[in-house]
Amino acid sequence: MRKPSCLSVLLAACLALASVHTAASGSVGPGGVKAAARADYARGKAIVFRELACSDCPLNKRDLQRERARELLANMDTADGTLRQLCAGEDTASCSEKLRFVRRYLERRYRIE
C-alpha cells in the first residue's frame, strides 16, 4: 500500500512541475503570446536601448532618467534632436510605429502620464 501512494504523489508532483509556464522578462521574440501593450513596451525598450541609449548612441544609459524621458516625450511630436536621429532614412509609417513603441516604453517605465 505504501508504494502506490508514493508513486501517485511523485506523479502528481511531476505533472504540476510540467504545467508551470516560464517566460523571460522584457524580451521580444518567440515565446508565449503577449498582450499588445506588453509587446509594444518590449519593442519600445529594445528600440530605446539599441538606437537611443547605447555606447554609440546620442544618449548614455545613465542619462536616461525620468526627467530626460519626460523631455524626450515632450519633443517627440516636434521630432527635435535625439529623436530625429532615430528615424533618419526611414519612411513615415515605419518612423511613426517606432515612435509609438518608444512612447509606450517611456510612459510605462518612468510612469509619465
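**Close-up 1. Salt bridges link Glu51, Glu90 and Lys98 in a network.** A salt bridge is counted where a side-chain nitrogen of Lys or Arg lies within 4 Å of a carboxyl oxygen of Asp or Glu. The model is predicted, so local features need pLDDT of at least 70 and side-chain atom pairs count only at pLDDT 80 or more, while totals for chains, interfaces and linings use all residues. Residues are numbered from 1 along each chain as its sequence is written, and side-chain values use heavy atoms, with hydrogens and water left out. Between Lys98 and Glu51, the closest N and O atoms are 2.8 Å apart. This pair links distant parts of the chain, with Lys98 in helix H5 and Glu51 in helix H2, 47 residues apart; helices are DSSP runs of H or I with at least four residues, numbered from the N terminus.

**Close-up 2. A salt bridge joins the side chains of Arg100 and Asp40 (2.9 Å, N to O).** Because Arg100 lies in helix H5 and Asp40 in helix H2 (residues 36–52), the pair ties together parts that are 60 residues apart in sequence. Asp40 is buried at 12% relative accessibility, whereas Arg100, at 41%, is partly exposed; buried means under 20% relative accessible area, exposed over 50%, and partly exposed in between (1.4 Å probe, protein chains only).

**Close-up 3. One disulfide is counted, and this bond joins Cys54 to Cys57.** The rule asks for a pair of cysteine sulfur atoms within 2.5 Å, and here the S to S distance is 1.8 Å. The torsion about the S-S bond of Cys54 and Cys57 is about 75°, which means that the disulfide is right-handed.

Definitions and conventions
Helices (H or I, at least four residues) and strands (E, at least two) are DSSP runs, numbered from the N terminus.
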